[in-house]
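Hi everyone, thanks for coming.

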Amino acid sequence: MERSKLDLWVGLFVCAGIGALLILAMKVGNMSSVGIGSEGYTIFANFDNIGGLKPRAPVKSAGVVVGRVTSIGFDNNRFNARVELSLDKQFQFPKDTTASILTSGLLGEQYIGLEAGGDSANLASGETLKLTQSAVVLEKLISQFLYSKAAEGDTAKK
Amino acid sequence: MFNRSALLNIRGIGHHTVDIVWRLGYASRFFALTLASSGTSFRRFRLIVRELYFTGVLSLIIIIVSGLFVGMVLGLQGYHTLQTYGSESALGVLVALSLVRELGPVVAALLFASRAGSAMTAEIGLMKATEQLAAMEMMAVDPIERVVAPRFWAGVISMPLLAAMFSAMGIFGGYLVGVVLIGVDEGSFWSQMQSAVDFKEDILNGVVKSLVFGLAITWIALFEGYDAPPTAEGVSGATTRTVVTSSLAVLGLDFLLTSFMFSGL
């Protein structure tokens, strides 16, 4: 079996194809950042209302992405939402960390913000965060505002 | 009583339906036979390499050029739409996601069907019309093993590679227009793209899509060629049918695959 010019072209073609895939993975995708490849640990957080939070939403602390939301379920005992977070191993948080659901920008996607507390012990894998803050639901905010306006009007009349 | 021509029409519909089902069964048997007799083409990998040159390398130019232009148009159109919402920085996300998830696999597959699929059908159809396949059988060489299977695997291998190149070139085209020409901020173009595009959910699913498309296109092209009536008219009809059927199959399969893959998002 001899080598021919054809082999060279086919080899170049295969290399170019694999190269394009690598470019897509590294430059376009998030292969190099948090999520895939790096070791993570799992913690849980219960929220009264998760709003529009979706699986794979980022978990940020001080604006830095430290992990992702893996899954969202319903807690049958506490009747609220149970969110599973996967955090990168290199980021450790105290036990009394607060998790809140925030929105990036006015119309942006929702993410979980972690605010570190002062506890000396760190969160271990599988633990549940005790302090959480639910998502802001626009309808509730508006109705609260309307009720307080109405109450103001009543007192002003009296 | 029944009109005679109406009766004939009804009979025609029935005949047509039976014919379609018959052909489908024959095509499935052909597919199974191709898979079963592809051992030789892997043992003699040279056969596949030869076909990879014809289906893959020769399709490169059209894939690269059209990928570049599709990306450039996406960049231009996306910029004008996003600008009205003041979110030009999301241009990278728009270009990358639409290319990696949809346009890359689908447009590359459509180009592949018309560039390589039609050539495959015409080649095999002509081989059959000039009785080369029959001659092979006379020499105890299985034409499916020697002619069909290497072409099949070459198509299945080259399709994902071509689609990946199409997407990469498209993103480069979007970058050229968006960042270099219009002046969208380069940092936000890449960083927003990277945070929005997931390797497993978007890129790998795109690769799976293009694999399925490659399988469908080469299957249809080879079968149409193998089944073509051995006349000049028959081969030309089979070539047309290859392009039409495989384009429709790609679009239909794309809907199915998309609804499976991205339904949870």
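Let's start with chain B: of its 265 residues, 45% count as buried. Before I go on, remember that this is a predicted model.

So what is chain B built from? It has 10 helices and zero strands. The C-alpha trace of chain B spans about 65 × 60 × 35 Å along its principal axes. And here's one about contacts: take those in chain B between residues at least 6 apart in sequence, and 87% of them join residues at least 24 apart.

Now let's zoom in on a pair of helices. Helix α4 of chain B covers residues 60-83 and helix α5 of chain B covers residues 91-129, and the two pack at an angle of about 145 degrees with their axes 10 Å apart. The crossing of α4(B) and α5(B) is right-handed. Which residues meet there? On the α4(B) side they include Ile62(B), Val70(B), Gly71(B), Leu74(B) and Gly75(B), and on the α5(B) side they include Leu94(B), Leu103(B), Val107(B) and Arg115(B). Sort the residues of that contact by class and you get 14 nonpolar, five polar and one charged.

Which of its residues are buried? They are Val235(B), Ala238(B), Thr239(B), Thr242(B), Val243(B), Ser246(B) and Val250(B). If you look at the spacing of those numbers, here's a handy rule: an α-helix has 3.6 residues a turn, so residues three or four places apart point the same way. And what do the buried residues of α10(B) pack against? Helices α5 and α9 (199-227) of chain B.

**Over to chain A**

Here we have a sheet. It's open, it has eight strands in the order β7-β1-β4-β3-β2-β6-β5-β8, and the pairing is mixed. Why do β7 and β8 of chain A each have one side without a neighbour in the sheet? Because they stand at the edges, each with a single partner strand.

Let's go across it. Strand β1(A), residues 40-47, pairs in the parallel sense with β7(A), residues 128-129, over two bridges, and there Phe44(A) stands opposite Thr128(A). With β4(A), residues 80-88, β1(A) runs antiparallel, joined by eight bridges, and Ala45(A) has Val83(A) as its bridge partner.

Next, β3(A) and β4(A) are antiparallel over eight bridges, with Gly67(A) opposite Leu87(A). They form a hairpin with four residues between them, and Phe79(A) in the turn has a positive phi of about 55 degrees. There's another hairpin, β2(A) with β3(A): two residues lie between the strands, and Ala62(A) takes a positive phi near 55 degrees. Those strands pair antiparallel over four bridges. Further along, β5(A) and β6(A) are antiparallel over six bridges, and Leu102(A) stands opposite Tyr111(A).

**Where the chains meet**

Last stop, the two chains together. How many residues of each are involved? 21 residues of chain A are in contact with 26 residues of chain B. On the chain A side, 15 are nonpolar, four polar and two charged.

Definitions and conventions. Residues numbered from 1 in each chain as written. Chains lettered and ligands numbered in written order. Predicted model: local features only at pLDDT ≥ 70, side-chain atom pairs only at ≥ 80, totals over all residues. Contact = placed C-beta atoms within 7 Å. Nonpolar A, V, L, I, M, F, W, Y, C, P; charged D, E, K, R; others polar. Pairing = 2+ DSSP bridges. Axes fitted to C-alpha atoms, helices over the stretch in contact; angles between N-to-C directions. Left-handed = near helix turned anticlockwise from the far one by under 90°. Buried ≥ 20, exposed ≤ 12 C-beta atoms within 10 Å, placed from the backbone.
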